[in-house]
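Here is a quick tour for someone meeting this structure for the first time. Have a look at the model, then read on.

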Amino acid sequence: MSIGNAIILGLVQGIAEFLPISSSGHLSILQNLFGLSGLESNLFFDVLLHIGTLVAILFAYWSDIAQMAKEVLAMLRGETSVVVGGKRRPLYYARMFLLICVATLPLALIVPINDYIDILSGKTGFVGIALILTACILLVSDKMEQGNKSAKDSLFKDALLIGLCQCVATLPGISRSGVTISAGIATGHRREYAVKFSLLMSIPAVLAATLLELVKAIKAGIDVSLIPAYLVGMVVAMISGVFSIRVIRTIAKRGGFGGFAHYCLLAGVLTIVLTLVF
């Protein structure tokens, strides 16, 4: 793998992981239609890219993560409230942590079929159809009226539903952020909170995927000579990931995701056409 390839794949991973356009779908297209070698034969590079995006989330939401840790410890001590800004309030962030745990549970359903999902990454026709489906989901979510729910009044059944949607998003071409944010809006949450919850709940998902890929990478063997290129790709994924998180948070405040829907629709149609031609 060249450093140029590593930079391109790092950019795609960092940008598409958080924007609702499917990183797995775009990486599949680059590899299968444009011959850009990378993840398929370099599993360790895949691990480092996921680490890069994980660091991006930790950087962007460090204050929320720190507050969750603080309130979870308070909850374990038997406390029911915390002092913030001189005022006492319930443990909203501890509740958010529990909601994230509930949303993560459905991922256990994916473990037995993970290898079959990997096979789909090589089928660009499927990826194209999935991108079109992502576009439809985003268009529908834009028509929904956002609710007022946040961590303090979100229900555990809401978290479970969002978690099930995250399972569907393991299919290449289905945007994880797009589907889970749309599910958050559909269950009556504020758009900004839906974005925050979607990105925070990706932490255990990304961590689990990274550990699984690390085991596979160790078994397959790691080419030490390629580590410099791998590290460049990881840093690019991290920096571009931070940028894309800021973009999606800004867009969530100002409006919907119609632009991303049109992009996914165009990308999906072009992918199907190119698959049929080549």
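## A stacked pair of rings

F197 is buried, with a relative accessibility of 5% (buried means under 20% relative accessible area, exposed over 50%, and partly exposed in between, using a 1.4 Å probe and protein chains only). Y193 is buried too, at 6%. Both residues belong to helix α10, which covers residues 191-220, and they sit 4 residues apart, about one turn of the helix. Helices here are DSSP runs of H or I with at least four residues, strands are runs of E with at least two, and numbering starts from the N terminus.

This is a predicted model, in which local features need pLDDT of at least 70 and side-chain atom pairs count only at pLDDT 80 or more, while totals for chains, interfaces and linings use all residues. Residues are numbered from 1 along each chain as its sequence is written, and side-chain values use heavy atoms, leaving out hydrogens and water.

How many aromatic pairs turn up in a search of the whole structure? The search finds 4. The ring centres of Y193 and F197 are 6.0 Å apart and the planes meet at 25°, so this pair is stacked. For the cut-offs: rings of Phe, Tyr and Trp (its six-membered ring) pair if their centres lie within 6.5 Å, and planes under 30 degrees apart count as stacked, over 60 as edge-to-face and the rest as tilted.

Elsewhere, F44, F45 and Y230 make up one aromatic cluster. There is also a charge to spot: R249 lies over the face of Y61, 4.6 Å from the ring centre. A charge sits over a ring if NZ of Lys or CZ of Arg is within 6 Å of the ring centre and within 35 degrees of the ring normal.

## How helix α11 packs

Helix α11 spans residues 227-254, and its axis comes within 8 Å of the α10 axis, crossing at roughly 155°. Axes are lines fitted to C-alpha atoms, for helices over the stretch in contact, and angles run from 0 to 180 degrees between N-to-C directions. The two helices are therefore roughly antiparallel (over 145 degrees; under 35 is roughly parallel, 65 to 115 roughly perpendicular and the rest oblique). The crossing of α10 and α11 is right-handed, which is when the near helix is turned clockwise from the far one by less than a right angle, whereas anticlockwise makes it left-handed. On the α10 side, R191, E192, V195 and L199 meet I245, I248, R249, A252 and K253 of α11.

Helix α3 (residues 43-60) packs against α11 as well, at an angle of about 35° with the axes 8 Å apart. That crossing is right-handed. Among the residues of α3 that take part are F44 and F45, and the α11 residues include Y230 and R249. Contact means heavy atoms within 4.5 Å.

## Another helix pair

Helices α7 (residues 124-143) and α9 (residues 176-186) pack at about 25°, with 10 Å between their axes. They are therefore roughly parallel to each other, and their crossing is left-handed. I137, L138 and S141 of α7 meet G178, V179, S182 and I185 of α9.

Most residues other than glycine have a negative phi. S22 is not a glycine, yet its phi is positive, about 70°. You'll find S22 in the loop between α1 (3-18) and α2 (23-32), and it is buried at 2% relative accessibility.

L274, in helix α12 (residues 258-277), is partly exposed at 28%. Leaving aside residues up to four places away in sequence, L274 touches L33 and F34.
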